[in-house]
Amino acid sequence: MVLDSVYPSPGGGGAESQVGTLTGWLAEQGVPSTIVVPMVPWGPQVAHEQQGLVEIIRLRYPRLPLLGGLVLQARLMMLLRRRRREIKAIHCHIAQNMAVASAIINQRLRKPLLVKLTGMTELHGGILDPNPSLSMRIKRTILKRTMIQAISHTLGNRLLDVGFSPAQVYRIPNAVDLDRFDPQQPHMQALRAQCRPDCDLVVLYVGRLEAVKGLDVLMDAWMAAFTPEQNVRLLLVGSGSLEETLKQKVSANGREEQIRFLGRSDNVAEQLACVDLGVLTSYTEGLSNTLLESMASGLPMIGSRVSGNEDFIQPDVTGWLFPAGDREALARCLRQAYRLGRPGLAEMGRAARAFVQANASIPTVGNQLRTIYEGDAWTLTALSELEPHSFPHDSMH
């Protein structure tokens with residue numbers, strides 16, 4: 001597992017979380033794995049760790065522009081070459097420099113190599129940027145020699161648009177731990193009975209408080225959808241550079257009772273158990289872990305019409321979609337959810353969990369990935385066997 005990021009991530013990043021989920025599941029199957037990441041100042045300063053069947057290697061490199069990156073890539077390639085007899089497959093979880101280095105050395109190693117596209121990293125300044133730099137075009141060309149994991153139909157279509165072969169692209173979503181987020185567990189049911197505020201509607205946002213997440217749109221839409229007197233509540237879990245600005249806006253509009261900032265949390269599963277509805281308002285996404293976790297918790301979702309949201313939110317079945325940035329449309333979705341009431345929302349939530357269970361459970365995703373690791377990718381459905389630029393909504397591979 002090659003990850004161009006810190007591991008574990010102190011902020012709980014999406015790609016990092018998925019690596020942990022996948023290696024944990026493999027360990028349960030008795031399959032050892034190794035996670036290779038750069039050693040960065042804001043992460044653990046331990047070069048080697050062994051956690052059961054999961055090994056973590058952090059590569060040191062000089063903190064110098066250009067030279068540091070070249071040293072890191074060289075050390076990664078040397079590591080892969082040195083361990084070539086142990087390696088069954090290579091899975092790169094962000095399509096950046098370490099994935100490119102892996103693809104270069106793999107021309108000699110000849111291992112199954114899968115590169116996962118996470119979303120914003122590749123769409124803005126990455127290999128799927130509509131105006132890529134020369135260096136990014138070179139990286140794109142190198143990665144065309146690999147198998148690609150697209151976690152949403154949008155990413156899959158963009159790959160085809162920039163010249164990737166349909167035969168090399170596999171649409172496999174992120175995975176979610178259904179047991180962890182099972183709303184029917186006795187302790188979750190007891191928690192829900194105790195913790196839910198005495199409100200007509202409780203909505204939860206989980207994520208970074210940053211501009212790309214569309215929180216300005218969420219605030220405006222909330223205040224348009226509900227009067228200050230209505231018995232509703234919006235909870236925001238997370239932190240970021242916009243936190244103080246958002247708090248000031250809430251205070252200026254007299255919504256402190258309705259809109260609460262909860263900060264970062266290590267107990268997201270428990271907070272999901274205490275609400276009626278999840279909301280994601282991002283301007284851009286790959287496939288949000290928050291989306292999957294919320295739906296696995298039995299919550300319907302309101303989401304902006306971007307990438308993975310479109311794959312999992314089925315309008316009026318598992319939630320509502322609105323055009324990214326459209327305040328009025330989001331306000332209408334919030335009002336529809338309010339009018340539907342708790343029984344109707346609970347019914348949609350059950351449909352949401354069933355959809356995630358069918359398409360994004362750890363065994364479903366993990367078994368598809370293991371097929372690739374074991375060199376049997378031909379048994380999966382690549383994009384070449386689907387209609388060009390289209391994906392079925394009831395099949396995630």
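This briefing covers the cores, sheets and charged side chains of one predicted model. Local features need pLDDT of at least 70 and side-chain atom pairs count only at pLDDT 80 or more, while totals for chains, interfaces and linings use all residues. Residues are numbered from 1 along each chain as its sequence is written, and side-chain values use heavy atoms, with hydrogens and water left out. Helices (H or I, at least four residues) and strands (E, at least two) are DSSP runs, numbered from the N terminus.

**Nonpolar cores**

- The largest nonpolar core has 101 residues, and L143, I302, F312 and V356 have the most contacts inside it. A nonpolar core is a set of buried Ala, Val, Leu, Ile, Met, Phe, Trp, Tyr and Cys residues joined through side-chain atoms within 4.5 Å. Buried means under 20% relative accessible area, exposed over 50%, and partly exposed in between (1.4 Å probe, protein chains only).
- With 12 residues, helix α13 (residues 327-360) gives the most to this core.
- A second, separate core has 25 residues, including V54, M147, I362 and L369.
- Beyond its neighbours within four places in sequence, L143 is in contact (heavy atoms within 4.5 Å) with A95, A99, V100, A103, V115, I127, I148, F164 and Q168.

**The six-stranded sheet**

- Six strands form an open sheet in the order β10-β9-β8-β11-β12-β13, with parallel pairing. Two strands pair if DSSP finds at least two bridges between them.
- β10 (259-263) and β13 (319-322) stand at the edges with a single partner strand each, so one side of each has no neighbour in the sheet.
- From one strand to the next, the twist averages 20°. Axes are lines fitted to C-alpha atoms, for helices over the stretch in contact, and angles run from 0 to 180 degrees between N-to-C directions.
- Strands β8 (residues 201-206) and β11 (residues 277-280) are parallel and pair over two bridges, with L204 opposite G278 in β11.
- Helix α11 (residues 289-296) packs on the sheet, touching β8, β11 and β12 (301-304), and its direction makes about 160° with that of β12.
- Helix α13 lies across β8, β9 (232-237), β11, β12 and β13, and runs at about 170° to β13.

**Other strand pairs**

- Strand β6 (residues 147-150) points M147 and Q149 one way and I148 and A150 the other way, and all are buried.
- β6 runs parallel to strand β5 (residues 113-117), joined by four bridges, and K116 stands opposite Q149 in β6.
- β6 also pairs in the parallel sense with strand β7 (residues 169-171), over three bridges.
- Strands β2 (residues 48-51) and β3 (residues 54-59) are antiparallel, with four bridges. Two residues lie between the strands of this hairpin, and G52 takes a positive phi near 65°.

**Charged side chains**

- The structure holds 14 salt bridges. A salt bridge is a side-chain nitrogen of Lys or Arg within 4 Å of a carboxyl oxygen of Asp or Glu.
- E49 and R58 form a salt bridge at 2.7 Å, N to O. E49 is partly exposed at 22% relative accessible area, whereas R58 is buried at 3%.
- R327 and D216 form a salt bridge at 3.2 Å, N to O. R327 lies in helix α13 and D216 in helix α8 (residues 215-225), so the pair ties together parts 111 residues apart in sequence.
- R140, in helix α5 (residues 134-143), is buried yet has no salt bridge, and the nearest side chain of opposite charge, D129, is 7.0 Å away. Lys and Arg count as positive and Asp and Glu as negative; His and the chain ends are not counted.
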